[in-house]
Amino acid sequence: MKSITERHQLILQKLQENGKLSIPQLIEEMNVSGVTVRKDLKLLEDKKLLFRTRGGASMQNPYAIERPINEKEFIKSDEKKRIAKTALSLIGPNDSIMIGSGTTVYELARALHPEKKIIVITPALKVALELCNRPNIEVLQLGGLVHQSSSSTAGSFAEKILEELSCGVLFLGVDGIDLDHGLTITNIMEASLNQKMIALAQTVVVLADSSKFDRRGLGKICNLEQIDYIITDKQVNRSTVSQIEKMGVKVIVAE
């Protein structure tokens, strides 16, 4: 059996090579029990050398942090524009759509210039301001308490309005996509609103750049099986895409 120092060196070496590891992999690699592996991972996490995840470990922090929308706007901005343009093909004429909060779905609003009239329902103030004077677009702004970091409404007022509505396509922004935990966002109140929006939409489309995969926010929105599409960028992990598509979700990679 390897010593604790040898085990720790092996774990860190494998993480540097692969980015993440599973507990079953480490059990087989080191020929030790699951209890020993979990203790090793905890010790290394305490030393801030790795992040423990559900069923393993990662070199990247799997927990999304809440950032102001004006700050997030500049992260992967080119990828977000390409994702938004790809999403336009899912909008039909005379459609009613819903656009959630977040910088990627905001790029969809900026790219939206329909030839025929559509209705856009949104909790996001930036989306509503972008579209309110746009030809062929009627905007229904959801009311409620405005969350400062996202400039979006949430809470009981917004959810009450949704009880009277339905829509064809929901375009949703998220902070985390995790194979086990599903879709998450950093704000709990917005997570609840997103759950309501999913319930009334015929088709649910998640717009998320590749940095959102294998991460988790504080508030869970739904399981992956509850959505229809994910549109992302070319840097997404192909193995992750394959596993998501096995769940019945169509993943579209924006070019």
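Q: How many disulfides does the structure hold?
A: The predicted model holds 0 disulfides. Cys 167 is in no disulfide, and the nearest cysteine sulfur, that of Cys 222, is 14 Å away.

Q: Is Cys 167 buried or exposed?
A: Cys 167 has a relative accessible area of 2%, so it counts as buried, the cut-off being under 20%.

Q: And what about the relative accessible area of Cys 132?
A: For Cys 132 the value is 41%, so this residue is partly exposed.

Q: Switching to rings, how many aromatic pairs are there?
A: The structure holds 0 aromatic pairs.

Q: Which residue lies over the face of Tyr 106?
A: Lys 126 does, at 4.5 Å from the ring centre.

Q: Now the helices: at what angle do α1 and α2 pack?
A: Helix α1, residues 4-18, and helix α2, residues 23-30, pack at about 130°, and their axes are 11 Å apart. The two helices are therefore oblique to each other.

Q: Is that crossing left-handed or right-handed?
A: The crossing of α1 past α2 is right-handed.

Q: What is the phi of Asn 31, and where does this residue lie?
A: Asn 31 has a positive phi of about 55° although it is not a glycine. Most residues other than glycine have a negative phi. Asn 31 lies in the loop between α2 and α3, and it is exposed, at 66% relative accessibility.

Q: What about Asn 136?
A: Asn 136 also is not a glycine and has a positive phi, of about 70°. Its place is in the loop between α7 and β6, and its 28% relative accessibility makes it partly exposed.

Definitions and conventions: Residues are numbered from 1 along each chain as its sequence is written. This is a predicted model: local features need pLDDT of at least 70, side-chain atom pairs count only at pLDDT 80 or more; totals for chains, interfaces and linings use all residues. Side-chain values use heavy atoms; hydrogens and water are left out. A disulfide is a pair of cysteine sulfur atoms within 2.5 Å. Buried means under 20% relative accessible area, exposed over 50%, partly exposed in between (1.4 Å probe, protein chains only). Rings of Phe, Tyr and Trp (its six-membered ring) pair if their centres lie within 6.5 Å; planes under 30 degrees apart count as stacked, over 60 as edge-to-face and the rest as tilted. A charge sits over a ring if NZ of Lys or CZ of Arg is within 6 Å of the ring centre and within 35 degrees of the ring normal. Axes are lines fitted to C-alpha atoms, for helices over the stretch in contact, and angles run from 0 to 180 degrees between N-to-C directions. Helices (H or I, at least four residues) and strands (E, at least two) are DSSP runs, numbered from the N terminus. Angles under 35 degrees count as roughly parallel, over 145 as roughly antiparallel, 65 to 115 as roughly perpendicular and the rest as oblique. A crossing is left-handed if the near helix is turned anticlockwise from the far one by less than a right angle, and right-handed if clockwise.
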